[in-house]
Amino acid sequence: MPTVLCFKAMSSADQGSLPSVKHNTSCTSSTRIQEDDEAASTTSTALDKFAIDDYYDDFSIESAAADEEKETCKRDGQNSEVSVPEYIALHGTPSPKTNSWSRSKRLHIFCKATPKIELHAHLNGSIRESTLVDLARERGVQLSPKLHAPAQQLDHAGDTEQNRNRHIAESHMYNTKPRNLLECFEIFEEIPKCVNDLKALQRITREALEDFANENVAYLELRSGPKCLLFDSLSSEHTEVCTKRRYVESIVDIMKEFEKKENDRYQEEKTGIGFCRLPLIPRLLISVDRSGTLDQALENISLAVELFQSGNLYVVGVELGGNPTRNDFCLFEPAFKIARDAGLRVAIHCGEVSCATENSNQDPSYNENMAILDFRPDRLGHALLLPDTIMEKLLNDPIPVECCPTSNVMTLELALHHGGSLVDGMQMHPQLNKWLMREYPISINTDDPGLFCTNSTREILLVAKACHVGEQVLARIILDSIEHIFEPSNHIRERLARRIERRISNVLSSLLVES
């Protein structure tokens with residue numbers, strides 16, 4: 001059973017207050033806050049309209065209504081679950097203004113409206129499926145059936161009618177395209193066939209930024225490994241191949257353009273009435289593929305160091321990723337030492353495959369995980385399948401973990417025995433409940449939102465539903481994760497923290513007034 005961390009309703013004295021956070025960004029001057037933040041606070045009416053019009057569609061309203069009725073049954077000592085059709089038969093279609101299911105409504109709106117931090121998102125894995133299809137058609141690429149297979153029909157032949165209705169109501173929390181770890185890397189080999197020139201690279205970068213911004217992500221670190229692409233594969237006049245530096249600069253150019261538009265929009269909208277989304281700050285991590293060689297790793301790291309030390313504000317770190325069954329971190333450690341010595345921050349994928357419970361010469365995975373911990377990167381990616389001996393070492397001397405809920409459930413195939421339910425599968429997560437119970441430093445991320453059909457809002461909502469945590473716990477995780485970002489500017493970090501803290505306070509206060 002998961003650890004239960006229930007939401008504690010705020011009293012009037014608690015309005016606007018937030019859970020304790022580990023950063024120190026308090027600002028005693030209200031003038032200073034208003035200068036770089038919001039001239040007008042968010043009203044509950046504007047916030048409610050934003051969330052319901054943009055996210056809380058009829059389908060989600062019905063699902064939340066059934067969730068609320070289930071909670072009522074539990075409080076009344078009943079064990080039966082109420083399906084959506086049953087709820088509607090008893091009460092009619094719920095209205096967005098109804099408060100009879102305010103707890104579930106409040107959670108959904110909070111997850112959408114609150115600003116988020118995204119620290120683990122692969123650029124290629126963020127590609128929209130529609131874009132992938134377009135690029136494949138333009139370039140004459142035949143996509144693998146695994147990549148573009150239609151959503152599977154969930155098999156619930158052995159379920160009761162009530163459970164089938166519940167599956168329908170919560171289908172946005174179901175894994176309809178099962179993909180294990182090895183299948184994911186097979187798919188990743190397909191995407192570069194479509195993203196084979198700078199034109200396609202710029203498109204998927206721009207669309208990824210748009211998608212994260214639409215989910216109220218206020219700070220984003222995309223990661224990508226530099227490649228030598230064509231300038232335009234569809235033109236017979238541009239057959240030359242770009243350098244890896246040009247690859248990175250193309251991403252950075254889109255980020256610069258997008259950030260300027262975001263800041264201009266924010267300055268214009270923040271003085272108006274109603275909800276004003278915080279501007280997205282995009283940054284880039286240069287990736288090293290562990291399937292490659294040390295020389296290739298050194299080439300990528302050298303490029304990252306060169307750009308970072310020349311004053312590029314967008315390249316803020318490096319990371320090691322790729323197929324975890326290939327090579328070993330120790331092979332690439334010299335390259336990451338160079339990056340660290342140059343002032344770059346480092347993230348390392350860790351614990352994606354199981355290993356022995358203790359040191360064993362027959363299990364190199366254990367030794368690799370210990371070597372990663374001894375290196376002490378600034379963040380760990382996933383850190384899933386670590387034995388208790390290694391986890392205890394981490395708990396005693398924490399390294400922040402980039403948790404990717406949907407990705408973890410799907411790659412570990414945790415939902416296979418639960419009819420594809422991501423919520424039920426998430427309750428089987430090997431580490432998350434331990435992290436929540438110990439308030440271990442984590443961030444909640446998407447990993448590959450295009451590949452896993454998810455977004456930043458659904459990720460925090462999945463954690464909330466699976467682990468029974470409320471808005472206060474989610475707020476603490478988001479605020480604490482600001483400490484883990486790789487942005488080197490203290491001014492930008494502190495301004496970001498002030499903005500997010502103020503916005504979360506406004507959202508919580510608005511939801512309290514509404515309920």
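**Note on helix packing and the parallel sheet**

1. Helix α13 and helix α14 (residues 364-375) pack at an angle of about 10°, their axes lying 11 Å apart. Axes here are lines fitted to C-alpha atoms, for helices over the stretch in contact, and angles run from 0 to 180 degrees between N-to-C directions. Helices (H or I, at least four residues) and strands (E, at least two) are DSSP runs, numbered from the N terminus. The angle makes α13 roughly parallel to α14, a term that applies to angles under 35 degrees, with over 145 counted as roughly antiparallel, 65 to 115 as roughly perpendicular and the rest as oblique. The contact (heavy atoms within 4.5 Å) is formed by F329, C330, E333, F336, K337 and R340 of α13 together with E368, A371, I372 and F375 of α14. These residues divide into 6 nonpolar, no polar and 4 charged; Ala, Val, Leu, Ile, Met, Phe, Trp, Tyr, Cys and Pro count as nonpolar, Asp, Glu, Lys and Arg as charged, and the others, Gly among them, as polar.

2. The model is a predicted one, in which local features need pLDDT of at least 70 and side-chain atom pairs count only at pLDDT 80 or more, while totals for chains, interfaces and linings use all residues. Residues are numbered from 1 along each chain as its sequence is written, and side-chain values use heavy atoms, with hydrogens and water left out.

3. Helix α13 (residues 329-341) also meets helix α12 (residues 294-309): their axes come within 9 Å and cross at roughly 10°. The two helices are therefore roughly parallel to each other. From α12 the contact draws on L294, A297, L298, I301 and V305, and from α13 on L331, F332, A335, F336, I338 and A339. By class, this contact of α12 with α13 has 11 nonpolar, no polar and no charged residues.

4. An open sheet of 8 strands runs in the order β1-β2-β3-β4-β5-β6-β7-β8, with parallel pairing; two strands pair if DSSP finds at least two bridges between them. β1 (116-122) and β8 (442-444) stand at the edges with a single partner strand each, so one side of each has no neighbour in the sheet. On average, neighbouring strands of this sheet are turned by 25° against each other, direction ignored.

5. Individual pairings may be followed along the sheet. Strand β5 (residues 345-350) pairs with strand β6 (residues 379-382) in the parallel sense over 4 bridges, and I348 stands opposite L380 in β6. β6 pairs in turn with strand β7 (residues 401-403), in the parallel sense over 2 bridges, with G381 opposite E402 in β7. Between β6 and β7 the chain passes through helix α15 (residues 388-396), and this β-α-β crossover is right-handed, meaning that, with the strands pointing away from the viewer, the path from the first strand over the helix to the second runs clockwise. β7 and β8 pair in the parallel sense over 3 bridges, and C403 has I444 in β8 as its bridge partner.

6. Helix α10 (residues 198-214) lies across β1, β2 (217-224) and β3 (281-289), running at about 150° to β2. Helix α12 packs on the sheet, touching β3 and β4 (315-321), and its direction makes about 155° with that of β3.

7. The axes of α10 and helix α11 (residues 244-269) come within 10 Å and cross at roughly 35°. The residues of this contact of α10 with α11 divide into 9 nonpolar, 3 polar and 5 charged.
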